Amino acid sequence: MSTVSQSMHTPYDGSSKPFTIGLKPLESGDFIDADANLFAYLDEKDRLAADVGDQVMVAEAGSEPAQQEVLDLIVTHICTAHPQTFCRVGQQVEIMGARRSIDLTDPAIPPIHRAARLVQEDLVLMRKGDTGWYLSAASVCFPSAWNLHEKFLRPMHEIHGPVPGFGEGTRNVAMIERMFDNLKPGVPVIRWNWSLYGDDRLFHPATDKGMTRRFGDGAEPANINLRLERQTLQKLPATGAMLFTIRIYIDPIEAMEKHPEAARLAQSVIEQLQAMSDEEVDYKGLKHERERLVNRLKKAAGLPPH
């Protein structure tokens, strides 16, 4: 998995606060992030597709043109931005070093799922309907405590309904709808999200909010992993659909504690945890353990415990 030294982003620098929209221009334009964990992620996607394919892949009839636009966009991008890793040969994309290739024309696999088998990102396709923007097709192998089928064909306010401050009729949902409407085609934007888990599994479809000891039974919480989501959005020029990508990074707390700037990084996470409302803490599954987590982080920050 990634380490703090490679991923100096939220929640470490505090630039993207939880439960805020926080969209920013993606200045590099590189909406796909291929790193040393690529093969492990792709292997896990293959395993999940074989074992629980109906849980991680959905596609609405009629969404095929937009799905194909997603596939074409990603193939062009990865072969241009990451030529050391991806190479197109006819109707195949070869992933160098992985001894694997993807048939771009395989009729048995919807285009968005072919695209997702090339990259570490999960891919979600949103389309505009009578009720607003809704989830039309997706390949989501690495959800963070949510289930794809519960979101399939749902409009924005229902997708975000469980998130504090993002339910139907809220200002946040109205803002997201307007941003989707006004986003210029081919201009990606980015935001970050984060959560804390007691393991480093990529596939987290169901929440474990009810567990009072997610981080062990000892006096000090253990097995803490910071789960980071790099989310990008861009409107597709031809179909007007929206491509939403989600890239997961998992950093064990020990990596942050050993970092040269451990005190500053830990302080940033502490401040964000303490700023959450009770409703937000409960949504994140930290209701019973926030203070335990803060006390461990205080050690890294050189602060006295509570």
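The legends below describe close-up views of aromatic rings in a predicted model. Local features need pLDDT of at least 70 and side-chain atom pairs count only at pLDDT 80 or more, while totals for chains, interfaces and linings use all residues. Residues are numbered from 1 along each chain as its sequence is written, and side-chain values use heavy atoms, with hydrogens and water left out.

**View A. Tyr41 and Phe142 form an edge-to-face pair.** A search of the whole structure finds three aromatic pairs (ring centres of Phe, Tyr or the six-membered ring of Trp within 6.5 Å; planes under 30 degrees apart are stacked, over 60 edge-to-face, the rest tilted). In the pair of Tyr41 and Phe142, the planes meet at 85° and the centres are 5.5 Å apart, so the pair is edge-to-face. Tyr41 lies in helix H1 (residues 38-56), and Phe142 in the loop between strand S7 (132-139) and helix H4 (148-151), 101 residues apart. Helices (H or I, at least four residues) and strands (E, at least two) are DSSP runs, numbered from the N terminus. Tyr41 is buried at 2% relative accessible area (buried is under 20%, exposed over 50%, partly exposed in between; 1.4 Å probe, protein chains only). Phe142 is buried at 1%.

**View B. Trp133 pairs with Phe180.** This edge-to-face pair has 5.5 Å between centres and 75° between planes. It links Trp133 in strand S7 to Phe180 in helix H6 (residues 171-182), 47 residues apart. Trp133 is buried at 3% relative accessibility, and Phe180 is buried at 6%.

**View C. The charged end of Arg214 sits over the ring of Tyr197.** The distance to the ring centre is 5.0 Å. A charge sits over a ring if NZ of Lys or CZ of Arg is within 6 Å of the ring centre and within 35 degrees of the ring normal.

**View D. Lys284 lies over the face of Trp194.** Lys284 is 5.9 Å from the ring centre.
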